[in-house]
Amino acid sequence: MKNLKSIFCAAMLFMVCAVMCVGCSFGEDNLPSDSDSDSKQITISLTEAESAILDALQNKAGQINRDAFQKWGQFEFSSSVRAFIPDTNELRGSVKTSLIATCENGFYDNMYMTYELNDLMYDKHSIRESYTVGDIQYTYEDSSVDVENVDKCDLPSEADVVKKLFADDFLYLVFGNKVTKEVTTDGYTLVFRNGLQGLANFLFIMSDHDVDDIKEYEESYLEQIEEMYSDAELSDAFVQLLVEFDKQNNITEIKFSYVTFEPSRYMRSEAVIVAKKSTENFQAPQWYLDRFVDAK
């Protein structure tokens, strides 16, 4: 697994435990779908878009909140990334993660997560499940369960993307000032999209560098990948965010996707991240109930 991680760390600086999904390229089923054909599209300012988002995320006391997980209480999250050789589209590795959890006052609990690794270079495939409740984490793999005490329930590192999306200056630095608003019969969607420059800024922010150095990082990143990849290959690079609202101006789903290129080796990474409010009547996984509840 460590060997697979090394492939993606340069291109996905923020994902220490890179999360990917199975496939050979982005298909229509994996990319965020377009709105209905009869939707109305208009261009609005970033200020207007941010105002709609923060109004939807404010807490019960009407105070500013920038964390969608905190607003939703119970939520679902999935993250997927695939790595390819650009000129042949040969899939080199993939990982897929999904979870459901609760969030209250900034603390997470009752988190059930699945993690699937597909390492084609070393012909390895594994699936791991975990359930964290309180300060105990149960991990299920190959029909065995490990039990570990933890200080608190933490989200996987890739969920930091969702937690940082609406922080100060993130949207402006990554996407600029123009936003597309698509109005449909179900509500509306705010669409943020940018190319290589926005992608470089996104990678910089997620790597937790001092924001004052963002221009230097962007220039260095672009210079390196432009030397390694053709213009045709780099034309596929993008970063995109879709924030979906219902008719009551509630945020129902967040979709974040991007295609990036590693500067240190010839590799393209494609990612899709989805987060939404969960209305599911959550129940702990059966393997946990069998061993720790029903057996009592």
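**View 1. Gln 74 stands opposite Thr 102 of strand S3 in this predicted model.** Gln 74 belongs to strand S2 (residues 74-85), and its partner is strand S3 (residues 90-104). The two strands pair in the antiparallel sense, over twelve bridges. Together S2 and S3 make a hairpin, with four residues between them. Look in the turn for Asn 89, whose phi is positive at about 60°.

**View 2. Strand S3 also pairs with strand S4 (residues 107-119).** Eleven bridges join the two strands, which run antiparallel. Gly 93 faces Asp 119 of S4 across this pairing. The hairpin of S3 and S4 has two residues between the strands. Asn 105 sits in the turn and has a positive phi of about 55°.

**View 3. Twelve strands form an open sheet.** The strand order is S1-S8-S9-S10-S11-S12-S2-S3-S4-S5-S6-S7. Pairing is antiparallel. Which strands stand at the edges? They are strand S1 (40-45) and strand S7 (144-149). Each has a single partner strand, so one side of each is left without a neighbour in the sheet. From one strand to the next, the twist averages 15°.

**View 4. Strand S10 (238-246) is mostly covered.** Eight of its nine residues are buried. S10 is joined to strand S9 (187-194) by eight bridges, and these two strands run antiparallel. Here Phe 192 stands opposite Leu 241 in S10. S10 also pairs with S11 in the antiparallel sense, over eight bridges. In that pairing, Phe 238 stands opposite Val 259 of S11.

**View 5. Strand S11 (residues 251-261) links S10 to S12 through its pairings.** The hairpin of S10 and S11 has four residues between the strands. In this hairpin, Asn 249 takes a positive phi near 65°. S11 is joined to strand S12 (residues 268-277) by nine bridges, and the two run antiparallel. Tyr 258 stands opposite Ala 271 in S12.

View 6. Does its length fit, or what span should twelve residues give? At 1.5 Å a residue, H2 should span 16 Å, and its end C-alpha atoms are 16 Å apart, which agrees. The buried residues of H2 are Leu 46, Ala 49, Ile 53, Ala 56 and Leu 57. Seen down the helix axis, these buried residues fall within an arc of 100°, so they line one face of H2. An α-helix has 3.6 residues a turn, so residues three or four places apart point the same way.

**View 7. Phe 175 lies in helix H5 (residues 170-175).** Is Phe 175 buried or exposed? Phe 175 is buried, because its relative accessible area is 5% and the cut-off for buried is under 20%. Phe 175 and Asn 194 are 19 residues apart in sequence, yet their C-alpha atoms are 5.4 Å apart in space. Leaving aside neighbours within four places in sequence, the contacts of Phe 175 include Phe 170, Phe 192, Arg 193 and Asn 194. Val 239, Gln 240, Leu 241 and Phe 256 are also among them. Two of these contacts, Phe 192 and Leu 241, stand opposite each other in the pairing of S9 and S10.

Methods
Residues are numbered from 1 along each chain as its sequence is written. This is a predicted model: local features need pLDDT of at least 70, side-chain atom pairs count only at pLDDT 80 or more; totals for chains, interfaces and linings use all residues. Side-chain values use heavy atoms; hydrogens and water are left out. Two strands pair if DSSP finds at least two bridges between them. Axes are lines fitted to C-alpha atoms, for helices over the stretch in contact, and angles run from 0 to 180 degrees between N-to-C directions. Contact means heavy atoms within 4.5 Å. Buried means under 20% relative accessible area, exposed over 50%, partly exposed in between (1.4 Å probe, protein chains only). The expected span of a helix is 1.5 Å times one less than its number of residues. The arc is that of the directions from the helix axis to the C-beta atoms.
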